[in-house]
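User: Hi! I'm new to reading protein models, could you walk me through this one?
Analyst: Happy to, let's bring it up.
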Amino acid sequence: MSLLSQIFDLLLTPAFAASVLRITTPILFAALGGLMARRCGIMNLALEGSMLTASLFAVIASAFAKKAVLGGVSAAQADPALVSKATTVGIIAGFIVGTLAGIAICMFLAYMAVGLRADAYLAGLAINTMATGGTVFILYMAAGEKGISSSLDSCSMPFINIPGLKDIPVLGEIFSGQNLMTYFAWICVAVVYFIIFKTATGLRIRAVGENPNAAESVGVNVKKVQYQAMALSGLFCGFGGVSLSMSYVQFFSRGMTAGKGFIGMSAMNLGNASPVGTAIAAFLFGFFDAMGNVMQSLAIPVQFVQAIPYVATLVGLVVFAIASDNKVKKLKAKQGK
Amino acid sequence: MKKLLALVLAGVMAFSMVACGGGETEGEAEGEAKMTVNLVCTNLGDKSFNDSADAGLKALADEGLIDYKVTEYGTDNSKVNITLEEAAQDYDVVICNNLGYGMATAWLRENAETYPDTTFLVYDEPTDLVENIQNVQMIAYKANESDFLAGALAALISETGVIGFVGGMEAPVIHDFLVGYIEGAQYVNPDIVVDVSYIGSYTDAGKGKDLGVVALNKGADVLHAVAGSAGNGYLEAAQEAGKLGIGVDSDQYEVFKADKPELANSIVTSSLKDVGASLATIIKSMIDGTYTWEQCMWFGMAEDCAGIAENENYLKLVSAEDQAEFNAIKEKLANGEITVSTAYGMDAATLNAIVESAK
């Protein structure tokens with residue numbers, strides 16, 4: 001099979017593995033955001049809108065902060081020390097403001113779903129629609145642009161070369177030289193694991209998600225816990241948005257999330273809202289997405305290749321459904337005996 | 001509670017309408033009735049052919065020749081028909097591209113003749129989707145000519161002998177660029193390798209960057225994006241790797257020069273499709289009465305609507321030797337010594353053979 005060997009030739013390169021990690025990053029953040037929400041019993045469909053808003057505000061804040069520090073001098077003429085200071089300030093400002101914007105959107109959803117008892121699905125969809133148009137509107141107000149933020153001199157997160165590791169062949173090529181946000185995403189998996197399973201807040205979140213009435217009966221403030229969990233959900237969406245516009249690419253363009261929030265949502269469901277399972281599922285989606293990219297050069301119709309990530313999502317969900325079905329059957333059989 | 005939700009939903013709608021709408025009226029009524037012109041598009045701000053059309057028409061309005069208004073209906077393609085219908089009732093000239101992947105031409109086939117006083121200009125659409133309707137003017141561009149030059153230049157400046165091409169969608173409009181690009185590159189270097197991929201979207205800049213990285217990993221050192229704003233991700237991949245990019249439609253060096261100088265400096269040139277100039281030519285001919293209907297009007301190098309940007313960055317990055325060789329090729333293309341194939345009307349097998357020949 002020459003086609004199969006061609007495919008393996010493409011996939012077994014360090015460059016391919018490195019791009020899988022890169023492509024996984026925003027999906028993983030979105031999945032972690034979805035995980036926090038689902039653990040408290042809310043389906044956060046606004047992941048997409050929250051990320052999109054965060055990526056816009058990250059770009060605007062970093063560009064304006066950089067400009068303010070430079071004080072009207074153009075980056076090309078300013079003193080290099082001042083430029084590097086301005087860039088650092090810009091990165092921090094973009095990161096903070098972007099993340100806050102992500103949190104704000106998720107808290108808005110929490111207010112609708114928890115405070116006002118609106119349907120979380122409908123509210124989430126409405127928020128996504130609002131974000132699609134709203135980001136273009138705000139971009140136009142801030143930069144006079146409607147498509148891409150080409151007139152905003154925004155900053156980007158640094159790429160990290162890990163000393164020692166970077167000199168090891170293959171491994172160095174894969175794991176060193178990635179963007180800061182990529183490492184941060186995998187650290188966040190551990191953080192989420194810790195929050196969910198090792199803290200009192202995590203215990204309450206899980207209790208509320210499993211059975212809000214039971215939690216309430218032992219004195220847990222269900223609403224408060226849900227707001228906390230949604231704020232955490234927004235935090236990770238915010239990180240995801242920042243990673244899109246400050247590391248994945250270095251500008252904002254309309255609709256740049258391009259379904260990554262929903263792919264993250266599926267990854268979270270596929271991983272059954274467990275941090276490790278979710279991370280593995282997100283990595284798988286990243287893998288299939290990257291595979292779709294490199295396979296375009298083969299003699300396979302492009303339309304077929306472009307469908308691979310989505311087919312993989314469907315197959316994953318079906319496998320998961322069958323597996324959990326079998327589990328239930330086994331449990332029932334045990335009880336029968 | 002319900003009231004608040006309703007209020008929020010109303011806010012959502014208002015928000016998206018503001019974002020998508022925002023038309024501007026240019027010029028004022030001055031006694032004599034000027035020709036009223038409406039550009040219907042998804043959104044301005046693509047730094048590409050919509051903005052080019054807008055710039056050309058705005059210039060006419062500034063000269064006081066027309067009353068011009070642009071209607072941006074946004075991303076909701078269910079609005080194509082109603083927007084065109086309203087425009088047809090109110091304006092002398094309605095300009096659009098083939099909105100909604102064929103919805104505009106479908107609507108025109110059925111309805112154009114009910115508005116005999118309105119002329120429809122459909123740009124970037126060379127097919128005979130609307131045939132023999134006297135008030136529908138199809139306008140097409142010889143993108144194969146400008147991209148022949150882009151391909152030739154890419155091959156001249158490439159050190160690795162591998163160059164990249166990314167398209168937005170698999171469509172004849174994009175294929176016409178591709179065919180020109182490959183033939184131009186092969187004219188300079190018969191053994192050139194062209195890595196061809198498609199983003200599947202005109203807005204997914206992240207995917208554009210992914211595909212750029214793939215092309216770079218294969219050794220490409222000049223990347224050419226033909227994918228609207230999604231293509232900017234592809235160009236950014238080239239910039240980050242210290243390689244060169246070739247933009248499309250508008251001069252993308254000029255677009256990024258002021259605020260993203262690093263990206264701008266990596267864009268060696270852009271394959272230009274001057275939609276604005278072509279529309280201005282046609283509308284001027286309508287005003288002075290020399291316009292006659294044709295099934296399709298073609299605009300290429302001869303009409304100054306196709307070419308590549310030879311700006312200061314081009315002069316800086318391309319060696320004098322390569323420039324001389326490039327100018328010789330341009331000359332030959334202009335005087336007909338070189339002919340370029342076009343993807344319009346080309347069957348899939350021929351197109352595949354061309355793509356395969358550069359692998």
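User: How many aromatic pairs are there over all chains?
Analyst: The count comes to 18 aromatic pairs over all chains. Keep in mind that this is a predicted model.
User: How accessible is A:Y193? What about A:F197?
Analyst: A:Y193 is partly exposed, at 39% relative accessible area. A:F197 also counts as partly exposed, with 30%.
User: Which rings make up a cluster?
Analyst: A:F29, A:F95, A:F184, A:F236 and A:F239 are linked into a cluster by ring pairs.
User: Switching topic: how many residues are in contact between chain B and chain A?
Analyst: On chain B there are 48, in contact with 47 residues of chain A. The two chains bury about 3900 Å² between them, and 58% of that is on carbon and sulfur atoms.
User: How many salt bridges are there between them?
Analyst: There are 4 salt bridges between chain B and chain A. One salt bridge joins the side chains of A:D289 and B:K207, at 2.6 Å from N to O.
User: Which parts of chain B supply residues to the side touching chain A?
Analyst: Helix 1 (2-20), strand 8 (193-198), helix 7 (205-217), helix 8 (231-240) and helix 9 (252-257) of chain B each supply at least two. The residues on that side of chain B divide into 19 nonpolar, 14 polar and 15 charged.

Note on methods. Residues are numbered from 1 along each chain as its sequence is written. Chains are lettered from A and ligands numbered from 1 in the order in which they are written. This is a predicted model: local features need pLDDT of at least 70, side-chain atom pairs count only at pLDDT 80 or more; totals for chains, interfaces and linings use all residues. Side-chain values use heavy atoms; hydrogens and water are left out. Contact means heavy atoms within 4.5 Å. Buried area is the accessible area (1.4 Å probe) that two parts lose on being put together, summed over both. Helices (H or I, at least four residues) and strands (E, at least two) are DSSP runs, numbered from the N terminus. Ala, Val, Leu, Ile, Met, Phe, Trp, Tyr, Cys and Pro count as nonpolar, Asp, Glu, Lys and Arg as charged, and the others, Gly among them, as polar. Rings of Phe, Tyr and Trp (its six-membered ring) pair if their centres lie within 6.5 Å; planes under 30 degrees apart count as stacked, over 60 as edge-to-face and the rest as tilted. Buried means under 20% relative accessible area, exposed over 50%, partly exposed in between (1.4 Å probe, protein chains only).
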